[in-house]
Structure formats: C-alpha cells, structure tokens
Amino acid sequence: MNQPNLLLRKSFTLCLFVVTLLFAGNSFAQDGKALFQTNCASCHAVGKKLTGPALAGVEERGPWSDRKKLYAWIHNPAGFAKTEAYAANLIKEFNGILMTGFPGLSEKDIDAIIGYINIEATKKPEGPAATTTADQPAEDNSLLFGILAMVLAVVALILLQINSNLKKLTDEKDGVVRGEPVAFWKNKAYIATGIILLFLTGGYLIAQSAIGLGRQQNYQPEQPIYYSHKVHAGINQVNCLYCHGGAMEGKHANIPSVNVCMNCHMAINEYKGEKIFKEDGTEVNGTAEIQKLYKYAGWDPTANKYTSEGKPIEWIKIHNLPDHVYFNHSQHTKAGGVQCQTCHGEIQKMGEVYQFSNLSMGWCINCHRETNVKFKENGFYSMYEKFHNDIKNGKMDSVTVEKIGGTECQKCHY
Amino acid sequence: MSKNKYWQSFGQLNATKAYTEDAANEFKEELPFEMDDNGAKTPRRDFLKYLGFSTAAATLAASCEIPVKKAIPFLNKPADIVPGVANYYATTFVLDGDVIPVVAKVRDGRPIKIEGNELGFTKGGTSQRVQASVLSLYDTARVRFPMEKTGEGFKEAPTYEAVDKKIAAALTAAAGKQIVLLTSTINSPTVLTVIDEFKAKYPTAKHVTYDAVSYSGIIQANEVSYGKKGIPSYHFDAADVIVSFGADFLGTWLNPVDFAKQYAGKRKINEKNPTMSRHFQFESMYSLTGASADERYTHKPSELGAALLALYAKVGGAVTAPAIADKRLAAGIDAAAKELLAAGGNAVVVSGSNDVNAQIIVNAINDKIGANGKTVNYGTMLNYRKGVDAEFEQLVADMNAGAVGAVFIHGANPVYTYRDGKKFADALKKVSLSVSFNEREDETTAECKFILPDHHYLESWGDAEAKSGYLSFIQPTIHPLFKTRAFATSLLKWSGSTVADYETYFKAYWISKLGGQIAFDQALQDGVMEPAAPVVAGASFNGAALTDAVAKLSAAKKGGKHELVIYQKVSIGDGKMANNPWLQEMPDPLTRACWDNYAIVSPETAKEFGYATQAELDEYEVNPPKRVLKITAAGKSIELPLIIVPGTNNSTIAVATGYGRSEKVGRAAKGAGQNIYPFVGFNGATYEYVVADVAVEKTDKMYDVVQMQTHGTYDNRVEVVKETSLAVFKKDPKYFINERMAEIGPYGGIDGLEEKGTLYPVFDKPGIKWGMSLDLNLCNGCGACVVACSAENNVSVVGKTQVGKYHDMHWLRIDRYFSGDMENPDVVFQPMMCQHCDNAPCENVCPVAATNHSSEGLNQMTYNRCIGTRYCANNCPYKVRRFNWHDWNGADSFKDNQNPLVEYGRLNEVTLDMNDDLTRMVLNPDVTVRSRGVIEKCSFCVQRLQEAKLTAKKDSRPLVDSDIKTACQQACPTNAIVFGNVNDKESAINKVRTQEGYNRNYYVLEQIHVLPNVSYLAKVRNTDRTVGNHEEGHEAHGEEKHEEKKEAATEAAH
C-alpha cells in the first residue's frame, strides 16, 4: 500500500527540487536589483543614457575603478565633485544636474548594485533568446508525446482486433464452435476499459478545473487605455513606486489616480518611441492613447489647461484574490523586501499586463516556505531569542517565513 | 440537595432535571429535519432531487466566466488618503446631552469603528452606545431629504431654499405668538450662541430644553441648596466611601463612562497594599451599579425618602427620621453613616431620584460629611442634562392655549417620551408651524409639518462642552450621506445671519477664540481642549429649604403592595438609539435578555404570578415564553412579560424605557417591547419615575422573552469565578494561589502544570505568545466590549427569533453569576470569550483541521475550511464557539434571497436591515463576513495583531504594548482588559501575571489542562461578609467540596 505513495512523494520532491533549482538562478543578485530599482532607476539605466549616464561598465571609467571613490561620490556627490575633476566634468556634461546623494546606502549596498549592473550588462544581449529556446521544446515535446501515444493506442487497438480475428480463424480451423463474434464496439471488455478510461480522464479534468475555479493565470483583459508597462517601466525606467506608491504603505498597491498620470503627460503629449504592437499583431497608436487619457483627465492639450471636470478611468482589475484572503502589499515590499517582479513577472516587458502567477494558495505557501525573512536586519525579529541563539550555535543558518509562522491559517485568513 | 455557590439561573442553583438536560445538549435542536406523522418531511427522493439540482447548478455556475471586476482609482487622489489604509479623526460622540470624545476610524471614506479619545476626560473609555453609534450613521430609517407634510403624509421638498422661504413666511405670520425651540440638552457653545442670535431676531422666541429622562430634580435642588442651577461634577476617584441611592452611575446615570473610569481607579487592587473604596448601594431593583457594590440593600421605591432622612439623621442632620421597618436596611444605613463620617470628606452620596426634596437631602448629607467641594464639585458643572420639567409643562399648556406660533424640535421626542404623549401631539396640532430636525420620522416628527433632518454626528461640524471648561470638537468623518442640513445652519438662515452656514460660523468662532488657524487645527486634531486640572470648589449650603423638604419627604404617600420603578436599560437607555440592532441584541447585563423590555420582579413576587413550583420555574428558565402581567395605574395599563431577578425588592416591579416605538422608527426597534413613559408621574415640580401604587394582575397570556444566560453552561464543572472579601485577601494574600494549588498542585503546580500535567509534548512559542488578562474587580458588566467586538469583527445580528433558538453570535459574552441568598445576592460579571487554549479541545476534534493552533498561541479558525460539523463547539469547555445557522449576511448570492426566510418567520426583519447596502458600509473590510454553516469565535482581533506586527516590522523594531489593543480592551471604560505579548518581560500582560496580579491571577477551568491564554484576576469585595462560595471559610474548602461530591453521588443514586 505504501509503495505508490512513496513514489508519488519522491516524484513530488523531485519536482520541487527542480523547481527550486530553476528559481534559484533567478534570485541571484536580487538585492542589488532591488536597490538599483528603488534608488537609481529613476535617473540611470544600465545600457542607456537617461538623466544620468548609462551605468554599464561604470567601473572601467574615470576614478570609479577605485571603489572608495565611488562610495564617496554616491554618499556625497557635491563634496566629491570638488575634489575630482572627472566628476565635475560629468556634471557639466549633464547640463549641470548634480546627482542626488545617497548617504543611506551602505558600502555593501553599493557593491550589490555594482554587482547587479555588471551581471545585467553582460546578460543583456542574449537574454530574451535564451528564454525562448528554453520554453519552446517543452511544449513541442508534450504535443509529440501526445500524438505518439494516440498513434500507439490506435496501433494497439488494430493489433488487438487482428489478434482476435486470427484467433477466430484458428478456432474455426480447429473446429471449435464459437458464437457469432461480437463487434468490438459491443465488446464488454472494450466498453469497460473505455468507461474506466473516460472516468479517469474525466475525473482528472474535473478535479483540475475545479481546482482552477476562480484562478485566472495569464488573464489579460483589454483595458480602456492601452497602457504599456514596457514603455513606462521598461524603456523609460519609471520606478514602480512612482505610480503604485501604495505598495509600500498598505494593503493595496493601488492603480494611480489620473492626476499622477498627468504629472508627466502634461508635458509628454505624443508617443515617439518604437512601434507598439498588441498580442494579436495590431499596431497601437501611442499618441491616440495619450489623447484618451486627456479626455479622462479633462485636459485640453492645445490650450494647455484643464477644461472639463474629467472622470476616473475604469481599469479592469487583473489580480483578484478571494474575499477570504488577506493580502498586504507593504508586508511583502517594505517589510519583506520582495521585488514586484517576483509575483507580477517581468512587468517591465509587458505591453498590456497579464496575470503572471496563478495566485493559488499553494503558490503563496511555497514561497513562504522558501523565502527567508530579514532576520538579522529587521529589529522586529530581535524578539525571537530562540532562533537567534540557534543561529549563533549553528543549529540553523536562516529563518524562513514558515519558521515564524508564515504558513499558519490566520496569517492570511481572518 | 447539592447547591452551586455561584449560579446563573435558578435551575443551576438547584440542579434541576430540566436544567441538567438543557445543559447536556450543546445544541438546542436536532438537525433541521422536519418530521410530520408520515415521517420526514424531506424524504430521500427530495434529497436526491436537491442533490441533482445543486450539482447541476454548481456545474452551470462553474462553467460561467469569472465576472469582470473593475478597479477605479481616484481622479485626483487627496494626499492623505491611501486606499486600504485607515485614517483616524478625532471627533465627539454627542447624543442629546451625552458627550464622549472619540476617534473615528475611517477606511476608504467610510467610518467603521469608534474608539475613545485618550486625550479627553473619559481617557479613551467608551460605552455601548458610543460603540454602536457608527451603525446609526448607516441607519436605513434615516430621513434622507427635507420633507413637507401634505394631505396624506410627508413628501420630499424640492430644495432647502424652497422650505426656507415657506418657513420664513410662516415665522412672519406667527409674529406676536411664541416661537419655541424645543430641544434635548444642547451643550455646544456655538449652537447656543446661534440660538441666542435667533432669539435676538425673534423677540418672542424661547428655548425650552426637554430631556427624555429628566434630571430636573438635581438641577432644581442645587438651585435651592447652592444657588447653582445645574449638576455638579462628582469625583468618585476621590471617594473612599460611595453611597448611592438608586443612582446607576456605572450604567445609565449622567455620564457612566466618566464615572466608571473614576470609580475603577479606587477599585483596582494593588496587591502589595490592597485598598479599595467602599460602595454602598440602596436600591429597589438590581442595577448595574448595584452589582459592583460591596454592600447592597433593597428598599421599597416609596421608602427612598425615609431612607435618605434616616441617613441624614445618622450623619448628624437635625431631623427625626421616620422609622425603617426593614432591619437589614436600617443596619445598612447605620453602617453607611458610620463610614461616611469616618471618611473625612472623601465620600460621596448620590441619588438617582428626580425628586427635588430627595436631592435637597442628598445635598444636605454631602454637606454634612464634608463632601461639598471635595467629591461634589461646584467649581466644574456637568452640562449633560439641563431640562427643567416645569418649563416643559408650561410649554405644553401654552401650546394647548394657542399661544405658540411655531415650534422647532431638535433631539426631543415628547410624543413618545412625555407622560402624556397624546396631549403633546394634540397641542402640536394647534401650532401653525412645526418643524422637526430629528434624524428619523419618530413619533413627534410624524406630527410635525416639516422635517429638516440634521446630520449624524459623524457627518457634522460642531463642539460640545461636557463640563464647564472641558471642550470637545466635532469634525465630519464622511460627506453627508443624505440631503441633510445642520440644525444651526437652518437657524442662521432664518435669523437672517450674514454667515452662510454653521460650518463657516463654527470655524470663524473658534479661529477667533483660539487665536488663529493653527491653534484651531490643533484643537480639531486633538479633538479636545481641557484644563490641566479640574477646578474644584465647594458652594455654600443654604439650609433654608431643608425643613420643607424633610416635611414633604416624611409626608410622602405610602406605597401600595406593588410599586413601579421606571428605569433605563444599560443598552437602550431612553430609547433614542432604539433602532440600533447592535444595542437591541446586546443582552442586558443583569437579566441577560435582549430585544424587549419586561417587568422585573423578585422570585418571591413571581410566586404570586404563577412561578411558585419548581416545575413552573423550570419551564420559565428553559423556554422563552414568560407569563404576561397586566400593570395598571391611574387608568393606564400595560401588558408585559415578567422576568425574575433575585435581589429585587419584593414590592417592586421594574420596567425599562425606550421600547414600544412606532413603526417608522425603524425595522430593529419595531415590535420590541412596550412604552412605559405614559406611567411617568408629575408631582408639580418634576417628573417621577416611581409609581407608588400599581395594580398588577396575572394574565393567561405568554410572551417570548429571549435571554442568553443559559445558552452556554459549564455543565457541572467547579466554579469558574473566584472571589473573596478584602479582609480575607489582606490576611491571606495567597488565598487564591492556595485555592488553585488545591486543584492543580498534584499535577505540577502553578509553574509546572503545562509540562507535568500531561503526557503530550510542550510546543515552543518563539517570539510572540499572545495573552489576555481580565480583572473581575474592574469589570462592571457594562457591555461596551460586546458591542465593540461586534463592530470590529462583523459579528452578525441574528434577531429575536434566532436568539430564542440559542443562535446568538456574540464572540464575547459577559456571564452574570449570582451568589449568596435569594433575597440579597451578590453579582459577579465575567467576560467570556475564546480562551485560546494552548491545548485546545476543539482543535483535536475538527475532522478537517479548520481550527488549529498558531505558533503565537492563537486558536485559529479558518472559515473557508470549516464544514460545520460543530464537533468543536460541542467539545469547547467554555462554550464560546458560534455556529452560523443561517446566512445572516446574505452573501450577495442573489437579490432578496433572505426575504422568504423573513416572511416565513425564521428571521426577523432586522436581518434585511443589516443586509442593506447602506448598512453594510459599516463592515470592517479586514475581517471576512462569515456565511452559513461555519463556526466562528473570538480571534483576539487577529487583524489588529497582524497590523501591529506589520507596523513594528516596517519600523524595524520589536513589538511594544502600545502597538496593539484588541477591540474589547480599547472599548473598556475601566481598563479591565490587558492584552499583549506574554513572552515580552516588559509587557503589561507579563507584569500582571507575574507581579502586579500574581496573587489574584487564575485561569478558568485550569484543572482540565487546556492551558488557556486568557487569565482572570479574582474579584475582591470590600466587605466583612463572607462572599461567594466560601461560607465555611477557607480551611474547610477542600472538605466541603468533597462532601458536595458525595451528596451529588447520593443524589444520582436516587
């Protein structure tokens, strides 16, 4: 009795292991990425000049090969510019705009950011190609196996039929008298097998779809305005929190109000970037979409002022959690330091947003089992004396969300 | 017969058969299969039909597409609003004259919870009515626009401007006649100046204050004794001896929140040096305050004057007191007098009587014992009630005589609350212009010509002066839901003021008074502005009227066989908030009944009315129908069911005000109880709430009164409340510890019980372990926590019918225990909620692990996993788990899906009310609304715990006590509840358990090793009597119990 269970468990563990491996690669340099995005991304890109210079290969330029100088510059740009001509020139080159100082960034933080930049600079070119090649064969294989199985099944059926015919012939030859042969569609064994098969596949499908009820992974509704995250967060590197500031403050990340859009779009009234295409291949007229925004905002771009009252935009909600689930963004972003992309996918590459994760409970729980809390960094965890002692004694090396009760019912259901 | 020393019901006291059977059944009924003569009404075939249908329906529903949901952001987001994050605004709860500074929690633009303002004089305390007031904002019965009476009834007036024009014309026409502003007590300085401006514009205008329940007696007595027409403030926190003659100052008298806070200061036990105030209560019926008293004496209602005079004589007053026949009462007065004199001025005497003469004697006593200027403070006057009864009587006469041209009614509802409502209604018809500003079409408003509804306080600007110098500010927390307009705005408009509306007026007034916008903003933000220390001053006592008062009191008419006492219920009060379902469903602390008023009688008196034998009493206890009494006085009669409360004076029948409202008042108030106001008397100066002679007869009728008392019982487990007297506790501080050790000593003792009392392993609680402690000495049973819990946790209102079926949903109940003899029992209140046992019996029996334990010590309930077997509720020793027998919340499945249940009589109309889109705005979005078929219970406000932890995490610091308060803890006016992280050595809860309250600390049913996370501090009564279950003294305790068991065994053998 135990055997199948064991097998199942083993294969499940194996799967989990594989999944873990897959994800482990992605989480590398996550800290640097987070720091980069919260602190640098509003002015810098890795491979592109924005308000500030492109950061790829920064270490090879000017005085920056000396990490000490880089720290000094980032902590206090104005002070450093006085001592180093290169920095002064840099300011001149960028129209006298001095970089904002980040005295709060520790040296370790800066190292992490540089680490991230270096990785990003090298991986940029072959990135997308690699993912497509990785994805493609998996799909093809299953289809192939499916067809193969079908063919084999038909062959088996034919062979069985032939076998029974041959048997009939030999029987006749041997003079064994048999009843009128039963057509295979009336054969009870076949019918029984068929029913059992139907029952199993049907049951499997029903169970699967029942589990999937209310889940809407890959949901990508058409929005009232074609808003491209790729253009905003990707190409133009607008910080996620500029629009979704609520993510750091409370339960909801919040869709920005129209006035937030207008902060930039009062000035940006046409789209000049590369062509945007929808999933189905039709081209999107970016400028026309901006015009739609003006209509909602009640803004008259020619007169350059608000002329009518405006109305809020009725966006279609993509990520829907059931009512009995409590989810708080700030818990994950601010307290946990989780990146937006961890759950929302590579949002900076999406045209219209789709739901990246399935948002199932299993998905939540898995992450809670695998993710470490900021045990040493966050003062809150100083209360967990036992774990601190265990770490000191080498009994454990990290504390997962699960260890502090993150998989208990009433952490999300109340 | 084995007798329980603490009992909740007569059945429990006498361990009757009916009680035992009742207690044995966790659930009152079998599964809802209805049978008739031919077997089940729902046979197998029907079952299969339903099964088929529901499968098909589910398939159909599942194949439908997921509905498209929209996310609509602001057009222009205000900077200080983040959707999903609550904002808190300081404002002030104002209901007629009641004032309590509060903080409103506003989520996404909707006020959803009211907390006390800790900066204010009530120091964060609230009452049940404050807690429930947020639901009144979303009351479906509110008048939604200005209305004018036409031939058939009220019709919407097009605009306020149109109404203003008509009223202005009518006011001009009324010239020469009186123009009357008839209001309940107004203590807003700005509104009072607006009224003055109105009076200046119309010279014939007059402001008459009318309170539903009058305090005219005190006001007039103080005018006579001290030349101060008003109510002094009392300092119960400075009183070592408190003597109350029927003043329910912890429940309903003036401002119970303020008084309860003061009172609690002197009742909190410092274990190193235990002292307490001593509280004598003389009353006719069992009041909430009486339940807290150390010594309680009952008297006939008509005997009050004699009792007061006797006390006055004993404290040195030059009167000959009438003889008091009742020896116990006489001894009580002696004892009280002795202690009052010994207290050296740190004592206070109060009386709930509305009789001027009685209050003059109270003043004389307070003067004699030196309380004047110490505990009775004439330097700071209370502004809660200002009505003088004779003025209102004069008004009714004037109206009837046709001398009144216009009446503007705000807050007052005399057609309902006046002793002769019809007379007032008739008088109102003789007034050509009558305007009501009341929020609903109540009895008086229905008789008016115009309704110009005022805002709810949560929608208003305003101010209030609760006591002289103590200012509280009101700021709106939500845009007015309906087309309502501030009362003062109307007055400003009609008096031709240059100021457009009250908001502008109010702001200008305070900005100029406080010296600028910044000071004003600060005042609004704080919500209160109070003197650093109260001004305390005495007044010189004028004894001139004393002789007259004594003479009148001595000559007072002797009471008949039965006397009627008209009282206010703790929850409903004078009836202003009668349409509040939370208040209606809150059980009365003493009777534990809800949704009705009734005639309270003593067990002795009940014998006369059909409850003499044990069988009759059993019937009374276990089933809702109660015998209906017909009470007649002065040609009026009323039929009310009787409720038996031990400790009621034998000649007293007590009936609560606030019930018997008209249909238009709302669906919750409709049909609840009878109106007792017509029985109020008038003695020529003040209203009397005692009728000295009523005829009472037994009728054949029965009427259902639903009580929650016997719903959860501990079966025959030993006493769950612990109590002793101060003397015993002082002599033997280890009294309770010894008592506990007697139970658990052999199993590891107090410290080792968890480990040694069981075979099972002990689980770690790293980081946090939540714990709660309740001080039975501070809990006065008021029930603010019960309503606060309902508001915070979306606890369903089930309605009268379902409470009758034991289906009430309260997560927190306050058990009332009697002890002592039937004539004069003591009462102990014990709040009881999920004890979050670390070794919880409910968790082991759940077949689907829907209830399990968290590493923080919470007993978690997961609704979406629960399949409703109710095994957990059955196995819970504390009986705190609640099952959703119906879909109380509609769950939006489809429109009007509850209507058939209401029509069929399963549910009351209040369910429809609670499911209205308007009412549902009160729901807390952080707490799941439970559906039918699942169990629920106290969660220790887990949503608050999670939020507190998150705040601390975001600030990268450990959790501290101030981060977290459960709803019940925050609501409590006496700080009886302490909550926090037990693992934190610095936390209050840890200190209570290990230091400050170590000697009184105990756990309920500790001996069954369920390891509760809720602890209690035993009650200590400041008395020389032996209290509770320790008649034979402590030493004999063990033996006594042993004997009891033996007796029980013999009993069983019979």
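Reply: We'll go through the chains, their domains, a sheet and a helix. This is a predicted model, where local features need pLDDT of at least 70, side-chain atom pairs count only at pLDDT 80 or more, and totals for chains, interfaces and linings use all residues. Residues are numbered from 1 along each chain as its sequence is written, while chains are lettered from A and ligands numbered from 1 in the order in which they are written.

Me: How many helices and strands are in chain A?

Reply: Chain A has 17 helices and five strands. Helices (H or I, at least four residues) and strands (E, at least two) are DSSP runs, numbered from the N terminus.

Me: And what percentage of chain A is buried?

Reply: Buried residues are 18% of its 414 residues. A residue is buried if 20 or more other C-beta atoms lie within 10 Å of its own, exposed if 12 or fewer, and partly exposed in between; C-beta atoms are placed from the backbone.

Me: Which domains does chain A have?

Reply: Domain 1 is 30–123, domain 2 is 229–349 and domain 3 is 361–411. Such bounds come from an automatic or database domain assignment. The C-alpha centres of domain 1 and domain 2 of chain A are 27 Å apart.

Me: How many residues of chain B are in contact with chain A?

Reply: 44 residues of chain B are in contact with 46 residues of chain A. Contact means that the C-beta atoms of two residues, placed from the backbone, lie within 7 Å.

Me: Which element of chain B gives the most to that side?

Reply: α32(B) does, with six residues. The elements giving two or more are β4 (70–71) and α32 (942–954) of chain B. By class, this side of chain B has 21 nonpolar, 14 polar and nine charged residues. Ala, Val, Leu, Ile, Met, Phe, Trp, Tyr, Cys and Pro count as nonpolar, Asp, Glu, Lys and Arg as charged, and the others, Gly among them, as polar.

Me: What does β4(B) pair with?

Reply: β4(B) pairs with strand β5 (residues 315–316) of chain A, in the antiparallel sense, over two bridges. Two strands pair if DSSP finds at least two bridges between them. A:Trp315 stands opposite B:Ala71.

Me: New topic. What is the strand order in the open sheet of chain B?

Reply: The order is β9-β8-β20-β19-β18-β10-β11, seven strands with mixed pairing. β9 (154–156) and β11 (205–209) of chain B each have a single partner strand, so one side of each lacks a neighbour in the sheet.

Me: How many bridges join β8 to β9 in chain B?

Reply: Three bridges join β8 (residues 147–149) of chain B to β9(B), and the two run antiparallel. In β9(B), B:Lys155 is the bridge partner of B:Glu148.

Me: Now α15 of chain B. Which of its residues are buried?

Reply: In α15 (residues 421–429) of chain B, they are B:Phe424, B:Ala427 and B:Leu428. They cover an arc of only 100° around the axis, so they sit on the same side of α15(B). The arc is that of the directions from the helix axis to the C-beta atoms.

Me: What do they pack against?

Reply: The buried residues of α15(B) pack against α13 (389–400), β18 (404–410), α14 (414–417) and β19 (433–436) of chain B.

Me: Last one. How many residues of domain 1 of chain B are in contact with domain 4?

Reply: 26 residues of domain 1 of chain B are in contact with 23 residues of domain 4 of chain B. α31(B) gives the largest share of the domain 1 side, five residues.
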